[in-house]
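Okay, thanks everyone for coming.

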Amino acid sequence: MAQAAPVSGTPGTTGSTDVFGAQTHTMAKWAVPVAGGLVYGYWAAAINRDAGAITGWNVLFGFVCAIAFAAAYIAARTVAPLMRREMHALVWAVFAGCAFGFLYSQTDATILRSVFMSLPVAAGVYAVAFYRYYTHEDAAGKAS
């Protein structure tokens, strides 16, 4: 049975270990945005059709939403770790707020209502992400 390597990658260090191998991480790196995008696209298309018939335009709308969600997720995942912890958390908050706000706007709500409904979601994501990064990184954004 293969032994898990330390997270820090330095031989002989103690602490939490990475129980997944490199291949699992590579698969998850692509599976998470694809699966999340498909769920998001289906959800957006379902809200948009409002219990009506499924049309080609509705399917296209779902796939476009899925691609946009996955691309935004990959962009946030790529850019956010390069920033300090405050901006790192802000990137994820903006992503979550925009994703929620767009879904909410599909319910025929006004744009103003969609924005005001997505603000608490973004604030919650910011608070949780900032707390996580504050307790796991130094001020420069390097994992401690």
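I'll start with the overall layout, then go through the helix packing, the core and rings, and a few residues in the loops.

First thing to keep in mind: this is a predicted model. As for the layout, we've got four helices and zero strands in the protein chain, and reading along the sequence you get the pattern α-α-α-α. The chain has 144 residues, and buried ones make up 25% of them. If you take the contacts between residues at least 6 apart in sequence, 56% join residues at least 24 apart.

Okay, helix packing. As a reminder, two packed helices are described by the angle between their axes and the distance between the axes. Let's take α2 and α3. Their axes are 10 Å apart and the packing angle is about 170°. Anything over 145 degrees counts as roughly antiparallel, so that's what α2 and α3 are to each other. Who makes the contact? On the α2 side, we have Phe61, Cys65, Phe69, Ala72, Tyr73, Ala76 and Arg77, and facing them from α3 are Val91, Trp92, Phe95, Ala99 and Phe102. Sort those by class and you get eleven nonpolar residues, no polar ones and one charged.

Now α1 and α3. Here the angle is about 25°, with the axes 9 Å apart. The cut-off for roughly parallel is under 35 degrees, and α1 and α3 are therefore roughly parallel to each other. From α1 you've got Tyr40, Trp43, Ala44 and Ile47, and from α3 it's Cys98, Ala99, Phe102 and Leu103. By class, that contact has eight nonpolar residues, with no polar and no charged ones.

On to the core. How many residues does the largest nonpolar core have? It has 15, and the ones with the most contacts inside it are Tyr40, Phe69, Trp92, Phe95 and Tyr133. The elements giving two or more residues to this core are α1, spanning 22-49, α2 at 56-79, α3 at 85-105 and α4 at 111-136. The largest share comes from α3, with six residues. If you zoom in on phenylalanine 95, you'll see it touching Phe69, Ala72 and Tyr73, leaving aside residues up to four places away in sequence.

There's a lot to say about rings here. The count comes to nine aromatic pairs. One of these is phenylalanine 61 with phenylalanine 102: the ring centres are 6.2 Å apart and the planes sit at 35°, so we call the pair tilted. Phenylalanine 61 is in helix α2 and phenylalanine 102 is in helix α3, so this pair ties together parts that are 41 residues apart in sequence. Are those two buried or partly exposed? Phenylalanine 61 is at 22% relative accessibility, so partly exposed, and phenylalanine 102 is also partly exposed, at 32%. Then there's a cluster, where ring pairs link Tyr40, Phe69, Tyr73, Trp92 and Phe95.

Let me move to some individual residues. Asparagine 58 is in helix α2, and it's buried, with a relative accessible area of 8%. Not counting residues up to four places away in sequence, asparagine 58 touches Ala45, Asn48 and Arg49.

Next, the loop between α3 and α4. Glutamine 106 lies there, and at 14% relative accessibility it counts as buried, because the cut-off for that is under 20%. Beyond residues up to four places away in sequence, glutamine 106 touches Ile47, Asn48 and Phe61.

In that loop between α3 and α4 we also find aspartate 108. What's its phi, given that it's not a glycine? It's positive, about 70°. For context, most residues other than glycine have a negative phi. Aspartate 108 is exposed, with a relative accessible area of 74%.

Last one: arginine 84, in the loop between α2 and α3. Its relative accessible area is 46%, so it's partly exposed. Arginine 84 and tyrosine 133 are 49 residues apart in sequence, while their C-alpha atoms are 9.1 Å apart in space. And tyrosine 133, remember, was among the core residues with the most contacts.

That's what I had, so over to you.

Methods
Residues numbered from 1 in each chain as written. Predicted model: local features only at pLDDT ≥ 70, side-chain atom pairs only at ≥ 80, totals over all residues. Heavy atoms only, no water. Core = buried A, V, L, I, M, F, W, Y, C linked by side-chain atoms within 4.5 Å. Buried < 20%, exposed > 50% of the residue type's maximum accessible area, 1.4 Å probe, protein only. Contact = heavy atoms within 4.5 Å. Axes fitted to C-alpha atoms, helices over the stretch in contact; angles between N-to-C directions. Parallel < 35°, antiparallel > 145°, perpendicular 65-115°, else oblique. Nonpolar A, V, L, I, M, F, W, Y, C, P; charged D, E, K, R; others polar. Phe/Tyr/Trp six-rings, centres within 6.5 Å; stacked < 30°, edge-to-face > 60°.
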